[in-house]
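Good morning, colleagues. Please take a moment with the sequence and the structure before I comment on the ligand sites and the salt bridges.

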Amino acid sequence: MEPTTPHRPAPTVREAAIELMRDFGMTTVFGNPGSTELPLFRDFPADFRYVLGLQESVVVGMADGYAQATRNAAFVNLHSAAGVGHAMGNIFTAHKNRTPLVITAGQQARAILPFDPFLYSNQATELPKPYVKWSCEPARAQDVPLAIARAYYVAMQEPRGPVLLSIPADDWDRETERVQPRVVSTGSRPEPQVLARIGDALDASERPAFVIGAAVDRSGAWDEAVALAQRHGARVYVAPMSGRCGFPEDHRLFAGFLPAMREAIVKGLEGHDLVFAIGAPAFTYHVEGSGAHLPAGAALVQLIDDPTIAAWAPVGTAAVGSIRLGLQDLLARPAPIPRPLPAPRARGARAEPPAAGERMSVAYVLQTLAEMRDPDHIIVEEAPSSRPVMQSHLPILRTETFYTMCSGGLGHGMPAAVGIALGKPGRKVIGLMGDGSCMYSIQALWSAAQLKLPIAFVILKNRRYAALQEFAPVFGYEPGAQVAGTALPGIDFVALARGQGCDGVRVAHADALRPALQQALRSTAPVVVEVEVA
Ligand SMILES: Cc1ncc(C[n+]2csc(CCOP(=O)(O)OP(=O)(O)O)c2C)c(N)n1
Ligand SMILES: [Mg+2]
């Protein structure tokens with residue numbers, strides 16, 4: 001007798017896409033819908049969830065946090081041209097963060113495209129460039145599932161990043177074929193002979209420095225970085241503008257944070273004969289500089305997952321590939337004769353409580369938070385002028401407990417906190433926000449409230465864009481001169497929180513700080529703590 005294969009009717013594009021998304025573990029859809037997107041979600045499957053963001057920058061920011069927290073690509077659905085436009089800032093950030101996102105954008109129905117229809121995204125695949133790794137509007141409706149598969153693999157290949165598919169609204173009901181998921185490599189082992197050069201340089205070095213970038217934590221290589229630093233007795237610095245923390249900041253080898261200025265980096269690394277940049281560009285500069293990129297007598301070696309970063313480094317030897325696999329290969333080499341460990345760095349002074357009638361300093365607030373948090377709490381930060389204070393008063397101690405953006409584009413932190421909380425159920429998230437920064441995507445509070453996520457948003461309210469005021473002298477402003485467009489009077493964050501369904505509390509005096517933080521840290525729902533700071 002002939003074996004009978006059960007007859008499976010040809011799937012629609014929608015069915016084939018949903019099956020693939022399930023196979024890829026992308027059953028959470030971050031989106032903000034429009035008419036061109038509605039057809040995708042007819043018969044929305046019961047095992048999927050739709051996470052609504054009220055503005056597209058919030059949608060992409062949440063997806064970025066979720067993808068980082070789950071280490072898988074997140075699925076995003078945006079409204080055609082205007083939706084992608086709103087999303088662009090956080091697409092740029094996802095590109096810099098190297099966060100894998102499969103972004104789909106609606107497009108008008110194919111049959112009316114010749115007539116420049118309402119909502120038509122003209123050159124839809126050009127719009128997000130150059131901040132997507134790939135963008136495509138499939139030539140035929142039935143090619144959409146194949147394009148989703150390709151988009152997923154491209155997004156997940158290191159260096160990871162966002163990709164965009166523009167999908168006409170009438171494609172979803174067309175017939176197509178199922179696409180089987182495949183095993184596709186996401187990273188590669190660095191070339192052994194290049195790694196061997198790096199290993200030899202480390203063995204020969206007398207005073208090595210490690211500069212740790214975001215790719216260390218992203219690649220899950222925290223333990224390997226610690227082991228290699230200990231083996232070589234290296235001092236460990238955090239790379240300028242790193243979006244993640246890749247080394248325990250209470251470790252005796254921890255040496256601090258490098259600023260994004262050429263001369264200051266050279267000064268900070270003085271005395272080392274070898275600098276090993278791990279998962280970090282060498283280096284990220286924010287302001288003009290000149291002269292050498294390294295202190296005299298120092299050589300540079302680099303292990304990086306991004307060939308472009310390896311290509312533009314001004315000096316040194318660079319191995320390209322997976323950070324974790326590369327560090328494991330270095331650890332597999334015979335251990336050198338142990339070096340004496342350098343002396344631990346001096347600890348910063350404790351912050352004082354405010355004098356009567358004065359506002360609290362940011363240092364006092366963050367020191368208090370450091371005493372009250374659990375090291376497992378996840379900190380998502382976007383508070384520009386408070387970053388150095390955080391670095392001295394709120395140390396990060398564990399892997400995957402610190403996130404900020406690598407791009408400098410404000411508007412990521414609020415929604416990223418939501419996405420991270422969603423991706424790490426049961427974990428407390430602390431959103432440490434500047435009062436200016438949180439206004440770029442304040443609607444994230446609504447999503448946090450609807451999803452009942454345990455996030456404590458601590459808003460440092462200094463009523464201004466302090467970072468820009470502090471920066472002004474670099475551009476020739478007299479110290480203390482007025483800087484146009486940097487005052488932020490009259491924002492009530494407690495009202496903004498309550499208006500979106502979140503609890504909110506204002507802390508103006510030091511004695512109210514601990515009780516407010518305690519309540520926010522214990523709560524299983526989102527709470528906004530607006531802290532008046534000096
Ligand atoms: C999208 C975007 N717009 C503008 C800027 C410029 N910018 C950098 S820091 C900053 C101020 C941030 O203010 P706030 O969050 O209150 O932090 P503070 O400087 O007061 O610590 C601004 C506007 C930016 N980085 N990104
Ligand atoms: Mg501010």
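This is a predicted model: local features need pLDDT of at least 70, side-chain atom pairs count only at pLDDT 80 or more; totals for chains, interfaces and linings use all residues.

A backbone N or O atom of Ala467 lies 2.7 Å from an oxygen atom of ligand 1. A backbone N or O atom of Gly436 is placed 2.7 Å from an oxygen atom of the ligand, and an N or O atom in the side chain of Ser437 stands 2.6 Å from an oxygen atom of ligand 1. With regard to cover, the protein takes up 78% of the 580 Å² of accessible area that ligand 1 has on its own.

What makes up the shell around this ligand? By class, the shell around ligand 1 holds 7 nonpolar, 7 polar and 2 charged residues. There are 16 residues around ligand 1, and Ser385, Gly408, Asp435, Ser437 and Ala467 come nearest. In terms of secondary structure, H15 supplies the largest share of this shell, with 3 residues.

I turn now to the charged side chains. How many salt bridges does the structure hold? There are 26 salt bridges in the structure, and I shall present some of them.

In one salt bridge, the side chains of Arg14 and Asp173 meet at 2.9 Å, N to O. This pair links distant parts of the chain: Arg14 belongs to helix H1 (residues 13–23), and Asp173 to the loop between strand S6 (162–168) and helix H5 (192–204), 159 residues apart. Arg14 counts as buried at 7% relative accessibility, while Asp173 is partly exposed, with a relative accessible area of 41%.

Another salt bridge joins the side chains of Arg71 and Glu400, at 3.3 Å from N to O. Arg71 lies in the loop between helix H2 (56–70) and strand S3 (74–78), and Glu400 in the loop between helix H12 (387–393) and strand S14 (402–403), so the pair ties together parts that are 329 residues apart in sequence. In this pair, Arg71 counts as partly exposed at 36% relative accessibility, and Glu400 counts as buried at 14%.

The side chains of Lys129 and Glu126 also meet in a salt bridge, at 3.3 Å from N to O. Lys129 is partly exposed, with a relative accessible area of 41%; Glu126, at 40% relative accessibility, likewise counts as partly exposed. Finally, which residues are joined into one network by salt bridges that share partners? They are Lys461, Asp492, Arg506 and Glu530.

Conventions
Residues are numbered from 1 along each chain as its sequence is written. Chains are lettered from A and ligands numbered from 1 in the order in which they are written. Side-chain values use heavy atoms; hydrogens and water are left out. A residue is near a molecule or strand if one of its heavy atoms lies within 4 Å of it. A polar contact is a pair of N or O atoms within 3.5 Å; within protein, one must be able to donate a hydrogen and the other to accept it, and residues adjacent in sequence count only if both atoms are side-chain atoms. Accessible areas come from the Shrake-Rupley method with a 1.4 Å probe; for residues, only the protein chains shown count as cover. Helices (H or I, at least four residues) and strands (E, at least two) are DSSP runs, numbered from the N terminus. Ala, Val, Leu, Ile, Met, Phe, Trp, Tyr, Cys and Pro count as nonpolar, Asp, Glu, Lys and Arg as charged, and the others, Gly among them, as polar. A salt bridge is a side-chain nitrogen of Lys or Arg within 4 Å of a carboxyl oxygen of Asp or Glu. Buried means under 20% relative accessible area, exposed over 50%, partly exposed in between (1.4 Å probe, protein chains only).
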